[in-house]
Amino acid sequence: SFSLRTAVGWFDFLLAALDSYCWLFGQRLLSPTDVLSGSGHKPSQLFPALEFFLTRLALSDIEAAARSFRSHRGSTLFTPRETEEYNYGKCTVIVRVMNFFIVLLG
């Protein structure tokens with residue numbers, strides 16, 4: 001089921017992964033090829049997470065996100081503060097995703 005706390009927590013985990021990869025690439029401890037090729041011991045789950053975010057959440061508001069995770073058809077009302085917190089987290093992820101792709105292409 002959907003909750004704002006879970007969504008914002010997931011955004012934070014995604015941000016941490018993006019920041020970590022950008023730092024690793026910047027320090028030349030890891031190359032983008034290592035991540036893109038999946039040749040590591042355990043393939044990165046970053047790209048499936050990015051795909052999920054970009055296809056299901058990036059263009060959706062909080063109500064649409066809640067509907068996609070809800071197992072029943074009930075309606076949930078969100079306060080303006082909750083909507084703002086969700087949108088702020090989502091916007092932060094979008095900016096970091098763009099930064100990640102700039103690092104990959106650089």
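Guide: Before we start, axes here are lines fitted to C-alpha atoms, for helices over the stretch in contact, and angles run from 0 to 180 degrees between N-to-C directions.

Visitor: Okay. What kind of model is this?

Guide: It's a predicted model, where local features need pLDDT of at least 70, side-chain atom pairs count only at pLDDT 80 or more, and totals for chains, interfaces and linings use all residues. Residues are numbered from 1 along each chain as its sequence is written, and side-chain values use heavy atoms, leaving out hydrogens and water.

Visitor: At what angle do α3 and α5 pack?

Guide: Helix α3 (residues 46–57) packs against helix α5 (residues 80–105) at about 130°, with the axes 12 Å apart. (Helices are DSSP runs of H or I, at least four residues, numbered from the N terminus.) That angle makes α3 oblique to α5, as it's not under 35 degrees (roughly parallel), over 145 (roughly antiparallel) or 65 to 115 (roughly perpendicular).

Visitor: Which residues in α3 and α5 meet?

Guide: From α3, Leu46, Phe47, Leu50, Phe53 and Leu57 meet α5 residues including Tyr86, Lys90 and Val93; contact means heavy atoms within 4.5 Å. The residues of this contact divide into 11 nonpolar, no polar and 1 charged. Ala, Val, Leu, Ile, Met, Phe, Trp, Tyr, Cys and Pro count as nonpolar, Asp, Glu, Lys and Arg as charged, the others as polar.

Visitor: And how do α1 and α3 cross?

Guide: Their axes come within 11 Å and cross at roughly 130°, so α1 and α3 are oblique to each other. Trp10, Phe11 and Leu14 are among the α1 residues there, meeting α3 residues such as Ala49, Phe52 and Phe53.

Visitor: Which residues touch the most other members of the largest nonpolar core?

Guide: Phe2, Leu14, Tyr86 and Phe100, out of 26 residues. Such a core is a set of buried Ala, Val, Leu, Ile, Met, Phe, Trp, Tyr and Cys residues joined through side-chain atoms within 4.5 Å. Helices α1, α3, α4 (62–69) and α5 each supply at least two residues of it, and α1 gives the most, with 10.

Visitor: What does Tyr86 touch?

Guide: Not counting residues up to four places away in sequence, Tyr86 touches Phe2, Leu4, Ala7, Phe11, Leu57, Ser60, Asp61, Ile62 and Ala65.

Visitor: Switching topic: is Arg28 buried or exposed?

Guide: Exposed, with a relative accessible area of 75%; buried means under 20%, exposed over 50%, partly exposed in between (1.4 Å probe, protein chains only). Arg28 lies in the loop between α1 (4–26) and α2 (32–37). Its phi is near 60°, a positive value in a residue other than glycine.
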